[in-house]
Amino acid sequence: MYIQAVTLFGEMFRSITEHGVTGRALQRGLWQFDAVNPRQFADNKLGYIDDRPFGGGPGMIMMAEPLQAAIHAAKSQQNGRVIYLSPQGAPLTHRKAAELAKLDGLILVCGRYEGIDERLLTSSIDEEISIGDFVVSGGELPAMMLMDAVLRLIPGVLGDADSAGQDSFANGLLDCPHYTRPIEFQGMAVPAVLRSGNHALIAEWRLEQALRRTLLRRPDLLAERELTPEESRLLRKIRQEERD
Ligand SMILES: Nc1nonc1C(=O)N[C@@H]1CC[C@H](O)C1
């Protein structure tokens, strides 16, 4: 996958191009990254890329022309989907990340200041995506969160091919609890079933814990989900226990 970020702060992306599973995957050629700085496309000597909002109000707005020129430069390198990170976008979910992971490329447009000229959205943006109902100072961190969520779904990026499949939301449920050594920590022991060696029992326990955690913390996820007969049975058991 080829990912380009249209950003004033390309250096920020080193946190995922030079670290962790995403950094190793880049080194192994599983994805490529370039930053495109709209400031190089500013048509004034001082490189202005923002200006005051028409109609007044606080802060500055990023001008459409330098951003459009930067997007065009990115599109000269690939035909990726152009995504603008913004609080007004559709929520980033596992399902959206899985959809994006199938594409050959992404062009991620990162705003700064109060946002970007609306006409750029109309002329050059394919899709707006939000990482949550809050505001951060720039689109770079949202872009990196989207990149990380997408890249981990690309075959080969994660060491253990099953790992992404067990993540929260991958099967529509929250993840089950996890434990490692020591067996006892501050008087709390690892659940005996996890040390039983009985893989069928362990799988059932993990599914039950995931269902219980989802029911208690995110019942909305269950409302959207078609349950298997085993999941329905376990959920009935959980609900009965919660009532007792
Ligand atoms: N929530 C979000 N999901 O994606 N992006 C954001 C976000 O807060 N963006 C900031 C708004 C103004 C500034 O330009 C950048």
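I started with the largest pocket and noted about 620 Å³ of space in it. For my own record, a pocket is found on a 1 Å grid over the protein atoms alone, as an open set of points where a 1.4 Å probe fits, with protein on both sides within 12 Å along at least five of seven lines. Lining residues have an atom within 4 Å of a point. Grid points are joined across faces, edges and corners, and the volume is the space filled by probe spheres set on the points.

I kept in mind that this is a predicted model, where local features need pLDDT of at least 70 and side-chain atom pairs count only at pLDDT 80 or more, while totals for chains, interfaces and linings use all residues. Residues are numbered from 1 along each chain as its sequence is written, and side-chain values use heavy atoms, with hydrogens and water left out.

**Entry: the largest pocket**

I listed 22 lining residues here, and Thr93, His94, Arg95, Phe169 and Leu221 lie nearest the centre. Which element gives the most to this lining? I found that α4 does, with three residues. At least two residues each come from α4 (94-101), α6 (140-151) and α9 (219-223). Helices (H or I, at least four residues) and strands (E, at least two) are DSSP runs, numbered from the N terminus. I sorted the lining by class and got ten nonpolar, five polar and seven charged residues. In this sorting, Ala, Val, Leu, Ile, Met, Phe, Trp, Tyr, Cys and Pro are nonpolar, Asp, Glu, Lys and Arg are charged, and the others, Gly among them, are polar.

**Entry: the second largest pocket**

I noted a volume of about 450 Å³ for the second largest pocket. Its lining has 25 residues, with Tyr84, Ser86, Pro87, Gln88 and Glu114 closest to the centre. β5 gives the most to this lining, five residues. The lining splits into twelve nonpolar, nine polar and four charged residues.

Where does the ligand sit? I found it in the second largest pocket, which by the rule used puts more than half of its atoms within 2 Å of the pocket's grid points. β5 (81-91) and β7 (127-130) are the elements that give two or more residues to the shell around the ligand.

**Entry: around the ligand**

I counted 17 residues around the ligand (a heavy atom within 4 Å). Tyr113, Ile131, Gly132, Phe134 and Val136 come nearest. The shell holds nine nonpolar, seven polar and one charged residues.

Next I checked polar contacts (pairs of N or O atoms within 3.5 Å). A polar backbone atom of Val136 is 2.9 Å from a ligand oxygen. A backbone N or O atom of Gly132 lies 3.2 Å from a ligand nitrogen. For Tyr113, a backbone N or O atom lies 3.2 Å from a ligand oxygen. The protein covers 96% of the 370 Å² of accessible area that the ligand has on its own (Shrake-Rupley, 1.4 Å probe).

Most residues other than glycine have a negative phi, and most peptide bonds are trans. Tyr113 has a positive phi, near 60°, and sits in the loop between β6 (105-109) and α5. I also noted a cis peptide bond from Arg181 to Pro182, with omega near 5°. Pro182 is in the loop between α7 (163-166) and β8 (184-185).

Technical notes: A polar contact is a pair of N or O atoms within 3.5 Å; within protein, one must be able to donate a hydrogen and the other to accept it, and residues adjacent in sequence count only if both atoms are side-chain atoms.
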